Amino acid sequence: MPAQDKIIVKDLLLRGIIGLNDWEREKRQDILINLTLFTDMRAAGRSDDAADILNYRTITKAIIAYVESSQHTLVEALATEIARICVVDHDAARAIVRVEKPGALRFAGSVGVEIERERADFA
């Protein structure tokens, strides 16, 4: 059975174009991203060698570059592409991705979606 080890990236705050409304298409807004990446860390735990890790720095750099250059209408689409980066491009076994738009609703701190994907979801 594969390990259920997790890498957690909390509160990655980026700016990008996202939304349905015309005004949302004109200027960048805050996008808050949280990730839980599932991987087997046993080899890295034994070896203490960076060659055996799922590199969260490389993954977050790819996500930053993607979010800053993308222009999605839906938060759901952005979350799906972030999950694809994690599991297809960087070999996480599974990813839970939460994407939020702080201040999107007047009386709420933020609104967003959370999805869970694995490689088979992108086949």
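This is a predicted model: local features need pLDDT of at least 70, side-chain atom pairs count only at pLDDT 80 or more; totals for chains, interfaces and linings use all residues.
## Other salt bridges

The whole structure contains 9 salt bridges. In one of them the side chains of Asp91 and Arg119 meet, with an N to O distance of 2.5 Å. This pair links distant parts of the chain: Asp91 sits in the loop between H3 and E4, and Arg119 in the segment after E5, 28 residues apart. Asp91 is exposed at 54% relative accessibility, whereas Arg119 is partly exposed at 41%.

Another salt bridge joins Glu114 and Arg98, whose closest N and O atoms are 3.2 Å apart. Here the link runs between two strands, with Glu114 in strand E5 and Arg98 in strand E4, 16 residues apart in the chain. Arg98 has a relative accessible area of 34% and is partly exposed. Elsewhere, salt bridges with shared partners connect Glu81, Arg84 and Asp89 in one network.

## The sheet

Five strands make up an open sheet with mixed pairing, in the order E3-E1-E2-E4-E5. The edge positions are held by E3 (71-72) and E5 (110-118); each has a single partner strand, so one side of each has no neighbour in the sheet. Strand E4, residues 94-102, runs antiparallel to E5 and is joined to that strand by 9 bridges. Within this pairing, Val99 has Val113 of E5 as its bridge partner.

## Helices on the sheet

Two helices that pack on the sheet are described here. Helix H2, residues 56-69, touches strands E1 (5-18), E2 (29-39) and E3. The direction of H2 makes about 20 degrees with that of E1. Helix H3, residues 75-89, touches E1, E2, E3, E4 and E5. The direction of H3 makes about 145 degrees with that of E4.

Thr60 is a residue of helix H2. Thr60 is buried, with a relative accessible area of 14%, because the buried class covers values under 20%. Apart from neighbours within four places in sequence, Thr60 is in contact with Val9 and Leu12.

## The nonpolar core

The largest nonpolar core comprises 27 residues, and Ile33, Ile63 and Ile82 have the most contacts inside it. At least two residues of this core come from each of E1, E2, H2, H3, E4 and E5. Helix H3 gives the most, with 8 residues.

Ile82 shows which residues meet at one of these positions. With residues up to four places away in sequence left out, Ile82 touches Ile33, Leu35, Ile63, Val67, Val97 and Val99. Two of these contacts, Ile33 and Ile63, are themselves named among the residues with the most contacts inside the core. Val99 is also the residue whose bridge partner in E5 is Val113.

Methods
Residues are numbered from 1 along each chain as its sequence is written. Side-chain values use heavy atoms; hydrogens and water are left out. Two strands pair if DSSP finds at least two bridges between them. Helices (H or I, at least four residues) and strands (E, at least two) are DSSP runs, numbered from the N terminus. Contact means heavy atoms within 4.5 Å. Axes are lines fitted to C-alpha atoms, for helices over the stretch in contact, and angles run from 0 to 180 degrees between N-to-C directions. A salt bridge is a side-chain nitrogen of Lys or Arg within 4 Å of a carboxyl oxygen of Asp or Glu. Buried means under 20% relative accessible area, exposed over 50%, partly exposed in between (1.4 Å probe, protein chains only). A nonpolar core is a set of buried Ala, Val, Leu, Ile, Met, Phe, Trp, Tyr and Cys residues joined through side-chain atoms within 4.5 Å.
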